[in-house]
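Okay, thanks for making the time, everyone.

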Amino acid sequence: MEDILEHSSLPTHLAFIMDGNGRWAQKRGLPRIAGHQRGVRAAKIVLQSAMKYRIKYITLYAFSTENFNRPQSEVTFLMNLFRRSIKKYFKFFTKNDVKFRAIGDTSKLPDDLQQAILKLQQKTADASSLVVNVALNYGARDEIVHAVQQLLDSKKDHVSWQDIRDNLYTASTPDPDMIVRTSGEYRLSNFLLLQAAYSELYFLKTYWPDVTEQTFIDIIQEFQKRDRRMGRI
């Protein structure tokens, strides 16, 4: 499969709004939590595909600031799922030279989950084959407020775009070349709003748990069809 892709025009950074877990489950007569469990497996497929096709950065929208408004039982399940997933895939990250970064206000997460995140980040800090940003308690508007507050605290009398960029959660990551949303919804839902200024957008009807390696290939091929002029003719 790898030979069908044009490696000279591969994206550097793909970002995913992992949508449709609950609907995938309900369509099968399963509880919503079954969709979230299956969604973790789809995320691993995406990371494995990224390594195979030499994509340098992946960002996954796992839990938004607004997701705390869901039923408490589902929020609790998701926090437990994040804990289990970090433990289960710890070796996957360390053995495959994959750098893990959580972006968002992780201070609002349970203490033990914060510690698990910190441990994985520290253990993979020097990894370079693939960088994975997992957005946890992330919201683009909150991210902008956070960046502005950082700049106010620094007492700068002049602010440039680079100053703002340096204070975003994604400061060390290039802007996404393409943002992909699954499940047939057509919106960004408070995800990477500043970083998306020149990103290609791609909306799939596929529910996130149904994402496969072929889906990943299709995304890259769609990206390679786009004419990215960045304001030029």
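So, cavities: the count comes to 1 cavity of 30 Å³ or more. By cavity I mean a set of points, on a 1 Å grid over the protein atoms alone, where a 1.4 Å probe fits but cannot get out; lining residues have an atom within 4 Å of a point. Grid points are joined across faces, edges and corners, and a volume is the space filled by probe spheres set on the points. The largest cavity comes out at about 30 Å³. Its lining is His13, Thr59, Thr170, Thr173, Pro174, Asp175, Pro176, Leu192 and Gln195. That lining splits into 3 nonpolar, 5 polar and 1 charged, with Ala, Val, Leu, Ile, Met, Phe, Trp, Tyr, Cys and Pro counted as nonpolar, Asp, Glu, Lys and Arg as charged, and the others, Gly among them, as polar.

Before I go on, some housekeeping. This is a predicted model, where local features need pLDDT of at least 70 and side-chain atom pairs count only at pLDDT 80 or more, while totals for chains, interfaces and linings use all residues. Residues are numbered from 1 along each chain as its sequence is written, and side-chain values use heavy atoms, with hydrogens and water left out.

Back to Leu192, from the cavity lining. Leu192 sits in the loop between strand E5 (178–181) and strand E6 (200–203); helices (H or I, at least four residues) and strands (E, at least two) are DSSP runs, numbered from the N terminus. Its phi is positive, near 50°. Most residues other than glycine have a negative phi. Is Leu192 buried or exposed? At 1% relative accessibility, Leu192 counts as buried, where buried means under 20% relative accessible area, exposed over 50% and partly exposed in between, with a 1.4 Å probe and protein chains only.

Asp97 also has a positive phi, about 60°. Asp97 is in the loop between H4 and strand E3 (98–103), and at 28% relative accessibility it counts as partly exposed.

Now the pocket, meaning an open set of points with protein on both sides within 12 Å along at least five of seven lines. The largest pocket holds about 860 Å³ of space. It has 39 lining residues, and Met18, Tyr61, Ala62, Phe63 and Phe82 lie nearest its centre. Elements giving two or more residues include helix H1 (21–27), strand E2 (57–64) and helix H3 (72–88). Which element gives the most to that lining? It's H2, with 7 residues. By type, the pocket lining is 20 nonpolar, 10 polar and 9 charged.

Last stop, helix H6, residues 140–153. Ala140, Glu143, Ala147 and Leu151 are buried in H6. Down the axis, those buried residues fall within an arc of 75°, so they line one face; the arc is taken from the directions from the helix axis to the C-beta atoms. They pack against E4 and helix H7 (161–166), with contact meaning heavy atoms within 4.5 Å. The face turned away carries exposed Arg141, Val145, Leu152 and Asp153. And just after H6, Lys155 takes a positive phi of about 60°.

That's my tour, thanks.

How values were computed: The expected span of a helix is 1.5 Å times one less than its number of residues.
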